[in-house]
Amino acid sequence: MTTFEVINPATEEVVSSVEPTSAEETDAAIARAHAAFPAWRAVDPGDRARLLRRFADAVDADIENLAALEVANAGHTIGNARWEAGNVRDVLTYYSASPERLSGKQIPVPGGVNMTFHEPLGVVGVIVPWNFPMPIAGWGFAPALAAGNTVVLKPAELTPLTAIRLGELARESGIPEDVFQVLPGKGSVVGQRFVDHPAVRKVVFTGSTEVGKQIMAGCAARVKRVTLELGGKNANIVFADADLEKAAATAPYGVFDNAGQDCCARSLILVQSSVYEKFMELLEPAVNGVVVGDPRLEVTEMGPLISAGHHAKVSSYVDDAAPVAFRGNAPVGPGYWFAPTVVTPPDLRHPLASDEIFGPVVAVVPFADETDAVTMANHTEYGLSGSIWTRDVGRAFRVARGVEAGNLSVNSHSSVRYWTPFGGFKQSGLGRELGPDAVDAFTETKNLFINT
Ligand code: TAP
(Lines give C-alpha, C1' and ligand atoms only; values in the text may rest on other atoms or scores of the structure.)
Protein backbone atom coordinates (compact mmCIF):
# COMPACT_ATOMS: atom_id res chain seq x y z
CA MET A 1 0.00 0.00 0.00
CA THR A 2 1.36 3.49 -0.87
CA THR A 3 2.55 5.57 2.04
CA PHE A 4 1.26 9.08 2.73
CA GLU A 5 3.57 12.01 3.31
CA VAL A 6 3.55 14.04 6.50
CA ILE A 7 4.18 17.73 5.74
CA ASN A 8 5.61 20.43 8.01
CA PRO A 9 3.05 23.25 7.63
CA ALA A 10 5.64 25.91 8.55
CA THR A 11 8.03 24.92 5.73
CA GLU A 12 5.98 22.70 3.37
CA GLU A 13 8.77 20.13 3.63
CA VAL A 14 8.13 16.41 3.95
CA VAL A 15 8.83 15.35 7.54
CA SER A 16 8.13 11.66 7.23
CA SER A 17 6.00 9.13 5.41
CA VAL A 18 3.58 6.77 7.05
CA GLU A 19 2.01 3.51 5.95
CA PRO A 20 -1.80 3.77 6.06
CA THR A 21 -3.74 0.96 7.71
CA SER A 22 -6.07 -0.86 5.30
CA ALA A 23 -9.64 -1.94 6.08
CA GLU A 24 -8.43 -5.58 6.44
CA GLU A 25 -5.62 -4.56 8.78
CA THR A 26 -8.07 -2.48 10.81
CA ASP A 27 -10.39 -5.47 11.15
CA ALA A 28 -7.44 -7.63 12.25
CA ALA A 29 -6.39 -5.00 14.84
CA ILE A 30 -9.97 -4.80 16.17
CA ALA A 31 -10.04 -8.61 16.42
CA ARG A 32 -6.78 -8.56 18.43
CA ALA A 33 -8.15 -5.80 20.70
CA HIS A 34 -11.31 -7.87 21.21
CA ALA A 35 -9.25 -10.96 22.07
CA ALA A 36 -7.09 -8.93 24.50
CA PHE A 37 -10.11 -7.52 26.36
CA PRO A 38 -10.84 -10.36 28.86
CA ALA A 39 -7.25 -10.43 30.13
CA TRP A 40 -6.99 -6.63 30.34
CA ARG A 41 -10.24 -6.21 32.27
CA ALA A 42 -9.05 -8.96 34.64
CA VAL A 43 -5.80 -7.16 35.50
CA ASP A 44 -5.88 -6.28 39.21
CA PRO A 45 -7.02 -2.65 39.63
CA GLY A 46 -3.78 -1.74 41.40
CA ASP A 47 -1.69 -3.22 38.58
CA ARG A 48 -3.73 -1.44 35.91
CA ALA A 49 -3.25 1.81 37.83
CA ARG A 50 0.52 1.18 38.02
CA LEU A 51 0.72 0.53 34.25
CA LEU A 52 -1.08 3.81 33.53
CA ARG A 53 1.28 5.67 35.88
CA ARG A 54 4.27 4.09 34.10
CA PHE A 55 2.80 5.22 30.79
CA ALA A 56 2.43 8.74 32.26
CA ASP A 57 6.07 8.66 33.42
CA ALA A 58 7.22 7.54 29.96
CA VAL A 59 5.32 10.46 28.39
CA ASP A 60 6.88 12.80 30.93
CA ALA A 61 10.39 11.59 30.07
CA ASP A 62 9.62 12.04 26.35
CA ILE A 63 8.03 15.51 26.49
CA GLU A 64 10.75 17.31 24.53
CA ASN A 65 10.69 14.66 21.80
CA LEU A 66 6.87 14.59 21.58
CA ALA A 67 6.77 18.40 21.51
CA ALA A 68 9.38 18.57 18.74
CA LEU A 69 7.37 16.05 16.70
CA GLU A 70 4.22 18.19 17.08
CA VAL A 71 6.06 21.37 16.14
CA ALA A 72 7.27 19.69 12.94
CA ASN A 73 4.02 17.89 12.16
CA ALA A 74 1.29 20.35 13.19
CA GLY A 75 3.18 23.67 13.27
CA HIS A 76 2.29 24.16 16.94
CA THR A 77 4.45 26.59 18.88
CA ILE A 78 7.01 24.82 21.03
CA GLY A 79 5.40 26.24 24.21
CA ASN A 80 1.98 24.92 23.27
CA ALA A 81 3.37 21.55 22.14
CA ARG A 82 5.09 21.03 25.51
CA TRP A 83 1.81 21.86 27.27
CA GLU A 84 -0.02 19.35 25.04
CA ALA A 85 2.41 16.50 25.81
CA GLY A 86 2.24 17.44 29.50
CA ASN A 87 -1.53 17.29 29.29
CA VAL A 88 -1.36 13.63 28.13
CA ARG A 89 0.88 12.85 31.12
CA ASP A 90 -1.52 14.63 33.50
CA VAL A 91 -4.63 12.99 32.07
CA LEU A 92 -3.00 9.54 32.32
CA THR A 93 -1.98 10.25 35.92
CA TYR A 94 -5.45 11.57 36.78
CA TYR A 95 -7.24 8.50 35.39
CA SER A 96 -4.66 6.11 36.84
CA ALA A 97 -6.58 6.68 40.10
CA SER A 98 -9.78 5.33 38.54
CA PRO A 99 -9.21 1.54 38.38
CA GLU A 100 -9.06 1.42 42.19
CA ARG A 101 -12.12 3.64 42.60
CA LEU A 102 -14.61 2.03 40.19
CA SER A 103 -16.98 1.22 43.00
CA GLY A 104 -20.66 0.47 42.61
CA LYS A 105 -23.50 1.01 45.07
CA GLN A 106 -25.28 -1.18 47.53
CA ILE A 107 -28.94 -0.19 47.28
CA PRO A 108 -31.47 -1.20 49.98
CA VAL A 109 -34.23 -3.36 48.47
CA PRO A 110 -36.79 -5.75 50.00
CA GLY A 111 -36.08 -9.50 49.92
CA GLY A 112 -32.36 -9.49 49.31
CA VAL A 113 -29.13 -7.61 48.63
CA ASN A 114 -28.72 -5.34 45.61
CA MET A 115 -25.47 -4.00 44.26
CA THR A 116 -24.23 -2.30 41.10
CA PHE A 117 -21.01 -2.84 39.13
CA HIS A 118 -19.28 -0.66 36.53
CA GLU A 119 -18.30 -3.04 33.73
CA PRO A 120 -15.98 -2.07 30.85
CA LEU A 121 -17.49 -2.00 27.36
CA GLY A 122 -14.90 -3.88 25.28
CA VAL A 123 -13.06 -2.35 22.33
CA VAL A 124 -13.23 1.47 22.16
CA GLY A 125 -12.39 3.28 18.91
CA VAL A 126 -10.94 6.78 19.31
CA ILE A 127 -10.92 9.06 16.22
CA VAL A 128 -8.76 12.16 16.58
CA PRO A 129 -8.55 15.38 14.50
CA TRP A 130 -5.41 17.27 13.48
CA ASN A 131 -5.81 20.38 15.62
CA PHE A 132 -4.76 18.94 19.01
CA PRO A 133 -3.45 15.46 18.15
CA MET A 134 -2.01 14.59 21.58
CA PRO A 135 -4.49 15.91 24.17
CA ILE A 136 -7.61 14.83 22.29
CA ALA A 137 -6.19 11.32 21.92
CA GLY A 138 -5.39 11.18 25.65
CA TRP A 139 -8.87 12.36 26.70
CA GLY A 140 -10.22 9.28 24.95
CA PHE A 141 -7.68 6.54 25.60
CA ALA A 142 -6.75 7.31 29.24
CA PRO A 143 -10.22 6.91 30.85
CA ALA A 144 -11.08 4.08 28.41
CA LEU A 145 -8.00 2.05 29.43
CA ALA A 146 -8.50 2.92 33.10
CA ALA A 147 -12.02 1.45 33.00
CA GLY A 148 -10.66 -1.83 31.57
CA ASN A 149 -11.40 -1.34 27.86
CA THR A 150 -8.99 -2.01 25.02
CA VAL A 151 -8.40 0.85 22.57
CA VAL A 152 -7.84 1.32 18.85
CA LEU A 153 -6.80 4.89 18.05
CA LYS A 154 -6.93 6.60 14.65
CA PRO A 155 -4.97 9.84 14.40
CA ALA A 156 -5.78 12.37 11.65
CA GLU A 157 -4.07 11.62 8.37
CA LEU A 158 -2.32 15.02 8.54
CA THR A 159 -0.89 14.51 12.05
CA PRO A 160 -0.08 10.88 12.88
CA LEU A 161 3.43 11.22 14.35
CA THR A 162 2.80 11.93 18.04
CA ALA A 163 0.06 9.26 18.21
CA ILE A 164 2.48 6.70 16.78
CA ARG A 165 5.05 7.72 19.41
CA LEU A 166 2.44 7.47 22.19
CA GLY A 167 1.73 3.90 21.01
CA GLU A 168 5.45 3.08 21.35
CA LEU A 169 5.59 4.64 24.83
CA ALA A 170 2.57 2.60 25.93
CA ARG A 171 4.29 -0.63 24.86
CA GLU A 172 7.57 0.39 26.54
CA SER A 173 5.58 0.98 29.74
CA GLY A 174 4.27 -2.58 29.73
CA ILE A 175 0.76 -2.00 28.34
CA PRO A 176 0.15 -5.11 26.23
CA GLU A 177 0.49 -4.47 22.50
CA ASP A 178 -3.09 -5.41 21.62
CA VAL A 179 -4.61 -3.38 24.47
CA PHE A 180 -3.65 -0.03 22.91
CA GLN A 181 -3.10 0.07 19.14
CA VAL A 182 -2.48 3.14 16.98
CA LEU A 183 -3.76 2.79 13.41
CA PRO A 184 -2.81 5.68 11.13
CA GLY A 185 -4.85 5.92 7.95
CA LYS A 186 -7.86 7.42 6.29
CA GLY A 187 -11.01 8.34 8.17
CA SER A 188 -13.11 6.83 5.41
CA VAL A 189 -11.26 3.51 5.84
CA VAL A 190 -9.97 3.07 9.42
CA GLY A 191 -12.48 5.39 11.13
CA GLN A 192 -15.35 3.91 9.17
CA ARG A 193 -14.40 0.37 10.29
CA PHE A 194 -14.55 1.58 13.92
CA VAL A 195 -18.13 2.65 13.23
CA ASP A 196 -19.13 -0.47 11.28
CA HIS A 197 -17.26 -3.27 13.07
CA PRO A 198 -19.55 -4.98 15.61
CA ALA A 199 -16.71 -5.70 18.07
CA VAL A 200 -16.08 -1.96 18.57
CA ARG A 201 -18.51 -1.14 21.36
CA LYS A 202 -17.96 2.61 21.52
CA VAL A 203 -16.63 5.37 19.25
CA VAL A 204 -15.14 8.58 20.62
CA PHE A 205 -14.98 11.13 17.82
CA THR A 206 -13.61 14.67 17.74
CA GLY A 207 -13.81 16.67 14.52
CA SER A 208 -16.27 18.38 12.25
CA THR A 209 -20.00 18.43 12.93
CA GLU A 210 -20.58 17.07 9.42
CA VAL A 211 -18.51 13.89 9.95
CA GLY A 212 -19.79 13.65 13.54
CA LYS A 213 -23.35 13.36 12.22
CA GLN A 214 -22.31 10.54 9.86
CA ILE A 215 -20.61 8.73 12.72
CA MET A 216 -23.63 9.10 14.96
CA ALA A 217 -25.89 7.75 12.21
CA GLY A 218 -23.54 4.78 11.63
CA CYS A 219 -23.36 4.04 15.35
CA ALA A 220 -27.15 4.31 15.67
CA ALA A 221 -27.50 1.38 13.26
CA ARG A 222 -25.70 -0.81 15.85
CA VAL A 223 -26.86 1.01 19.01
CA LYS A 224 -23.15 1.68 19.48
CA ARG A 225 -22.14 4.08 22.25
CA VAL A 226 -20.73 7.36 20.99
CA THR A 227 -19.13 10.49 22.40
CA LEU A 228 -18.89 13.44 20.01
CA GLU A 229 -16.80 16.58 20.41
CA LEU A 230 -17.62 18.78 17.42
CA GLY A 231 -17.24 22.38 16.33
CA GLY A 232 -17.84 25.72 17.98
CA LYS A 233 -18.55 29.38 17.24
CA ASN A 234 -17.84 30.72 20.66
CA ALA A 235 -18.73 34.17 21.93
CA ASN A 236 -16.44 36.37 23.98
CA ILE A 237 -18.90 38.80 25.60
CA VAL A 238 -17.37 42.06 26.80
CA PHE A 239 -19.59 44.27 28.98
CA ALA A 240 -19.00 48.00 29.46
CA ASP A 241 -18.16 47.44 33.16
CA ALA A 242 -15.33 44.97 32.36
CA ASP A 243 -11.61 45.58 32.78
CA LEU A 244 -11.45 46.65 29.12
CA GLU A 245 -7.64 46.79 28.99
CA LYS A 246 -7.38 43.19 30.15
CA ALA A 247 -10.27 41.99 27.98
CA ALA A 248 -8.69 43.52 24.87
CA ALA A 249 -5.14 42.42 25.70
CA THR A 250 -6.20 38.78 26.15
CA ALA A 251 -8.85 38.56 23.40
CA PRO A 252 -6.28 37.71 20.65
CA TYR A 253 -5.06 34.73 22.69
CA GLY A 254 -8.66 33.55 23.15
CA VAL A 255 -8.97 33.09 19.39
CA PHE A 256 -5.56 33.08 17.67
CA ASP A 257 -3.98 30.43 19.86
CA ASN A 258 -3.17 27.43 17.62
CA ALA A 259 -3.85 29.80 14.69
CA GLY A 260 -7.56 29.73 15.52
CA GLN A 261 -7.73 25.98 14.82
CA ASP A 262 -9.45 25.35 18.10
CA CYS A 263 -13.06 24.31 18.65
CA CYS A 264 -13.03 26.60 21.73
CA ALA A 265 -11.67 29.66 19.85
CA ARG A 266 -13.60 32.79 20.87
CA SER A 267 -14.07 33.78 17.23
CA LEU A 268 -17.04 36.08 17.87
CA ILE A 269 -16.38 39.05 20.15
CA LEU A 270 -19.58 40.72 21.30
CA VAL A 271 -18.88 44.17 22.74
CA GLN A 272 -21.37 46.42 24.52
CA SER A 273 -21.99 49.32 22.12
CA SER A 274 -21.09 52.06 24.64
CA VAL A 275 -17.46 50.80 24.76
CA TYR A 276 -17.18 49.37 21.23
CA GLU A 277 -14.90 52.14 19.86
CA LYS A 278 -12.67 52.08 22.94
CA PHE A 279 -12.39 48.28 22.78
CA MET A 280 -11.41 48.34 19.10
CA GLU A 281 -8.71 50.95 19.85
CA LEU A 282 -7.28 48.67 22.53
CA LEU A 283 -7.62 45.51 20.42
CA GLU A 284 -5.59 46.73 17.45
CA PRO A 285 -2.19 46.96 19.18
CA ALA A 286 -2.89 43.66 20.97
CA VAL A 287 -3.47 41.93 17.61
CA ASN A 288 -0.38 43.59 16.10
CA GLY A 289 1.62 42.29 19.05
CA VAL A 290 0.88 38.60 18.40
CA VAL A 291 4.21 37.03 17.41
CA VAL A 292 3.57 34.85 14.34
CA GLY A 293 6.42 32.83 12.88
CA ASP A 294 8.82 29.91 13.30
CA PRO A 295 7.04 27.62 15.80
CA ARG A 296 10.37 26.25 17.06
CA LEU A 297 11.25 29.61 18.65
CA GLU A 298 10.28 30.14 22.29
CA VAL A 299 8.99 33.67 21.56
CA THR A 300 6.54 32.56 18.89
CA GLU A 301 2.87 32.76 19.86
CA MET A 302 1.17 31.60 16.66
CA GLY A 303 2.25 29.17 13.94
CA PRO A 304 0.87 28.38 10.48
CA LEU A 305 -2.41 26.78 9.40
CA ILE A 306 -2.31 23.01 9.06
CA SER A 307 -2.42 22.54 5.27
CA ALA A 308 -2.71 24.19 1.88
CA GLY A 309 -6.33 23.03 1.65
CA HIS A 310 -7.22 24.53 5.00
CA HIS A 311 -5.37 27.74 4.10
CA ALA A 312 -7.54 28.02 0.98
CA LYS A 313 -10.69 27.47 3.06
CA VAL A 314 -9.80 30.15 5.63
CA SER A 315 -8.65 32.55 2.87
CA SER A 316 -12.01 32.22 1.11
CA TYR A 317 -13.60 34.02 4.07
CA VAL A 318 -11.28 37.02 3.83
CA ASP A 319 -11.69 38.11 0.21
CA ASP A 320 -11.58 41.70 -1.07
CA ALA A 321 -15.20 42.28 -0.03
CA ALA A 322 -14.65 41.13 3.59
CA PRO A 323 -15.21 43.86 6.22
CA VAL A 324 -11.62 43.76 7.53
CA ALA A 325 -10.96 46.21 10.39
CA PHE A 326 -7.26 45.39 10.80
CA ARG A 327 -4.76 42.55 10.47
CA GLY A 328 -1.63 41.53 12.37
CA ASN A 329 1.57 40.16 10.88
CA ALA A 330 2.54 36.84 9.30
CA PRO A 331 5.64 35.58 7.48
CA VAL A 332 5.68 35.27 3.70
CA GLY A 333 7.25 32.46 1.73
CA PRO A 334 6.88 28.73 2.26
CA GLY A 335 4.40 27.67 4.94
CA TYR A 336 0.64 28.07 5.30
CA TRP A 337 0.76 31.46 7.02
CA PHE A 338 -2.29 33.57 7.73
CA ALA A 339 -2.15 36.88 9.57
CA PRO A 340 -4.44 37.38 12.61
CA THR A 341 -7.47 39.15 11.17
CA VAL A 342 -10.23 41.22 12.79
CA VAL A 343 -13.47 41.70 10.84
CA THR A 344 -16.62 43.67 11.59
CA PRO A 345 -19.56 41.96 9.85
CA PRO A 346 -22.81 43.97 9.83
CA ASP A 347 -24.80 41.32 11.70
CA LEU A 348 -24.75 37.72 12.89
CA ARG A 349 -26.18 36.35 9.64
CA HIS A 350 -22.90 37.12 7.91
CA PRO A 351 -20.77 33.93 7.50
CA LEU A 352 -17.86 35.65 9.25
CA ALA A 353 -20.05 35.90 12.35
CA SER A 354 -21.75 32.52 12.12
CA ASP A 355 -19.38 29.96 10.51
CA GLU A 356 -16.69 28.06 12.36
CA ILE A 357 -13.83 29.37 10.23
CA PHE A 358 -11.20 27.44 12.23
CA GLY A 359 -8.52 29.99 11.44
CA PRO A 360 -7.14 33.25 12.90
CA VAL A 361 -10.18 35.34 11.98
CA VAL A 362 -12.32 37.02 14.63
CA ALA A 363 -15.56 38.95 14.15
CA VAL A 364 -16.40 41.86 16.44
CA VAL A 365 -20.08 42.85 16.72
CA PRO A 366 -21.72 45.35 19.13
CA PHE A 367 -24.66 44.54 21.43
CA ALA A 368 -27.03 46.76 23.38
CA ASP A 369 -27.71 45.11 26.75
CA GLU A 370 -27.52 41.88 28.74
CA THR A 371 -30.56 40.28 27.10
CA ASP A 372 -29.22 41.16 23.68
CA ALA A 373 -25.80 39.66 24.53
CA VAL A 374 -27.29 36.30 25.57
CA THR A 375 -29.56 36.17 22.52
CA MET A 376 -26.64 36.94 20.22
CA ALA A 377 -24.32 34.39 21.87
CA ASN A 378 -27.05 31.77 21.37
CA HIS A 379 -27.71 32.61 17.70
CA THR A 380 -25.52 29.71 16.57
CA GLU A 381 -26.36 26.01 16.45
CA TYR A 382 -23.01 25.38 18.15
CA GLY A 383 -22.68 25.49 21.95
CA LEU A 384 -19.19 24.59 23.08
CA SER A 385 -17.60 27.41 25.05
CA GLY A 386 -17.42 31.15 25.63
CA SER A 387 -16.19 33.98 27.85
CA ILE A 388 -17.93 36.71 29.83
CA TRP A 389 -16.02 39.86 30.82
CA THR A 390 -17.67 41.90 33.55
CA ARG A 391 -17.00 43.16 37.11
CA ASP A 392 -20.63 42.49 38.13
CA VAL A 393 -20.82 39.03 39.76
CA GLY A 394 -24.59 38.82 39.46
CA ARG A 395 -24.42 39.58 35.75
CA ALA A 396 -21.65 37.02 35.28
CA PHE A 397 -23.87 34.30 36.78
CA ARG A 398 -27.02 35.40 34.89
CA VAL A 399 -25.27 35.48 31.53
CA ALA A 400 -23.37 32.23 32.19
CA ARG A 401 -26.66 30.48 32.98
CA GLY A 402 -28.28 31.97 29.87
CA VAL A 403 -25.63 31.06 27.32
CA GLU A 404 -26.20 27.60 25.79
CA ALA A 405 -22.65 26.26 25.95
CA GLY A 406 -20.83 23.52 27.82
CA ASN A 407 -17.75 25.46 28.98
CA LEU A 408 -17.87 29.07 30.05
CA SER A 409 -15.32 31.23 31.80
CA VAL A 410 -15.64 34.63 33.45
CA ASN A 411 -12.77 37.12 32.97
CA SER A 412 -10.72 34.31 31.40
CA HIS A 413 -10.49 32.49 28.07
CA SER A 414 -9.60 29.04 29.34
CA SER A 415 -11.88 26.09 28.59
CA VAL A 416 -9.85 22.99 29.27
CA ARG A 417 -8.88 21.79 32.72
CA TYR A 418 -8.51 18.02 32.99
CA TRP A 419 -10.21 17.99 36.41
CA THR A 420 -13.48 19.36 34.96
CA PRO A 421 -15.98 18.13 32.36
CA PHE A 422 -15.57 19.29 28.77
CA GLY A 423 -18.14 19.07 25.97
CA GLY A 424 -20.81 20.81 23.99
CA PHE A 425 -24.49 21.76 23.91
CA LYS A 426 -26.52 21.56 20.69
CA GLN A 427 -24.50 20.65 17.57
CA SER A 428 -21.18 20.94 19.41
CA GLY A 429 -21.44 17.37 20.53
CA LEU A 430 -22.76 14.67 22.77
CA GLY A 431 -21.39 13.57 26.13
CA ARG A 432 -18.53 14.92 28.21
CA GLU A 433 -14.82 14.19 28.35
CA LEU A 434 -12.39 14.84 31.23
CA GLY A 435 -13.31 15.44 34.86
CA PRO A 436 -14.23 12.92 37.53
CA ASP A 437 -17.16 11.39 35.62
CA ALA A 438 -15.52 10.68 32.24
CA VAL A 439 -14.80 7.07 33.18
CA ASP A 440 -18.57 6.49 33.42
CA ALA A 441 -18.76 7.01 29.65
CA PHE A 442 -16.56 3.90 29.25
CA THR A 443 -18.54 1.56 31.48
CA GLU A 444 -21.97 -0.03 31.66
CA THR A 445 -23.81 -0.19 34.96
CA LYS A 446 -24.75 -3.74 35.88
CA ASN A 447 -27.35 -4.32 38.58
CA LEU A 448 -27.23 -7.54 40.62
CA PHE A 449 -29.91 -8.76 43.03
CA ILE A 450 -29.22 -11.65 45.42
CA ASN A 451 -32.25 -13.29 46.98
CA THR A 452 -31.60 -13.73 50.69
P1 TAP B 1 -12.95 15.74 10.02
O2 TAP B 1 -13.08 15.39 8.61
O3 TAP B 1 -14.17 15.73 10.87
O4 TAP B 1 -11.83 14.73 10.63
C5 TAP B 1 -11.67 14.41 11.99
C6 TAP B 1 -11.23 12.95 12.11
O7 TAP B 1 -12.24 12.09 11.59
C8 TAP B 1 -9.97 12.62 11.29
O9 TAP B 1 -9.22 11.64 11.97
C10 TAP B 1 -10.57 12.05 10.01
O11 TAP B 1 -9.70 11.22 9.29
C12 TAP B 1 -11.73 11.25 10.58
N13 TAP B 1 -12.78 10.95 9.60
C14 TAP B 1 -13.08 11.63 8.46
N15 TAP B 1 -14.10 11.02 7.81
C16 TAP B 1 -14.46 9.95 8.57
C17 TAP B 1 -15.45 8.92 8.43
N18 TAP B 1 -16.28 8.88 7.40
N19 TAP B 1 -15.52 7.97 9.37
C20 TAP B 1 -14.70 8.00 10.44
N21 TAP B 1 -13.73 8.91 10.62
C22 TAP B 1 -13.62 9.90 9.69
O23 TAP B 1 -12.30 17.15 10.19
P24 TAP B 1 -11.22 17.82 9.22
O25 TAP B 1 -11.46 17.54 7.77
O26 TAP B 1 -9.92 17.40 9.75
O27 TAP B 1 -11.53 19.34 9.44
C28 TAP B 1 -12.65 19.95 8.79
C29 TAP B 1 -13.29 20.96 9.70
O30 TAP B 1 -13.72 20.31 10.90
C31 TAP B 1 -12.37 22.06 10.20
O32 TAP B 1 -12.23 23.07 9.28
C33 TAP B 1 -13.07 22.48 11.47
O34 TAP B 1 -14.11 23.36 11.18
C35 TAP B 1 -13.63 21.18 12.00
N36 TAP B 1 -12.76 20.56 13.01
C37 TAP B 1 -13.20 20.59 14.27
C38 TAP B 1 -12.42 20.03 15.25
C39 TAP B 1 -12.91 20.04 16.65
S40 TAP B 1 -11.88 19.85 17.86
N41 TAP B 1 -14.16 20.14 16.92
C42 TAP B 1 -11.19 19.45 14.98
C43 TAP B 1 -10.77 19.43 13.65
C44 TAP B 1 -11.58 19.97 12.68
P45 TAP B 1 -8.75 11.85 8.13
O46 TAP B 1 -7.62 12.45 8.85
O47 TAP B 1 -8.34 10.71 7.30
O48 TAP B 1 -9.57 12.85 7.38
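Guide: Let us begin with a term: helices (H or I, at least four residues) and strands (E, at least two) are DSSP runs, numbered from the N terminus. This is a predicted model, in which local features need pLDDT of at least 70, side-chain atom pairs count only at pLDDT 80 or more, and totals for chains, interfaces and linings use all residues. Residues are numbered from 1 along each chain as its sequence is written.

Visitor: Which helix gives the largest share of the shell around the ligand?

Guide: That is helix 7, with 5 residues. A residue is near a molecule if its C-beta atom, placed from the backbone, lies within 6 Å of it. Here 26 residues surround the ligand, and Pro129, Gly187, Gly191, Gly207 and Ser208 are the closest. Helix 7 (187–196) and helix 8 (209–220) each supply at least two residues of this shell.

Visitor: What is the order of the strands in the open sheet?

Guide: Two strands pair if DSSP finds at least two bridges between them. The open sheet has 7 strands in the order 12-13-14-11-10-15-16, and the pairing is mixed. Strand 12 (324–327) and strand 16 (407–410) are its edge strands, each pairing on one side only.

Visitor: How many bridges join strand 10 to strand 15?

Guide: There are 4 bridges between strand 10 (residues 235–238) and strand 15 (residues 385–389), and these strands run parallel. Within this pair, Asn236 stands opposite Ser387 in strand 15.
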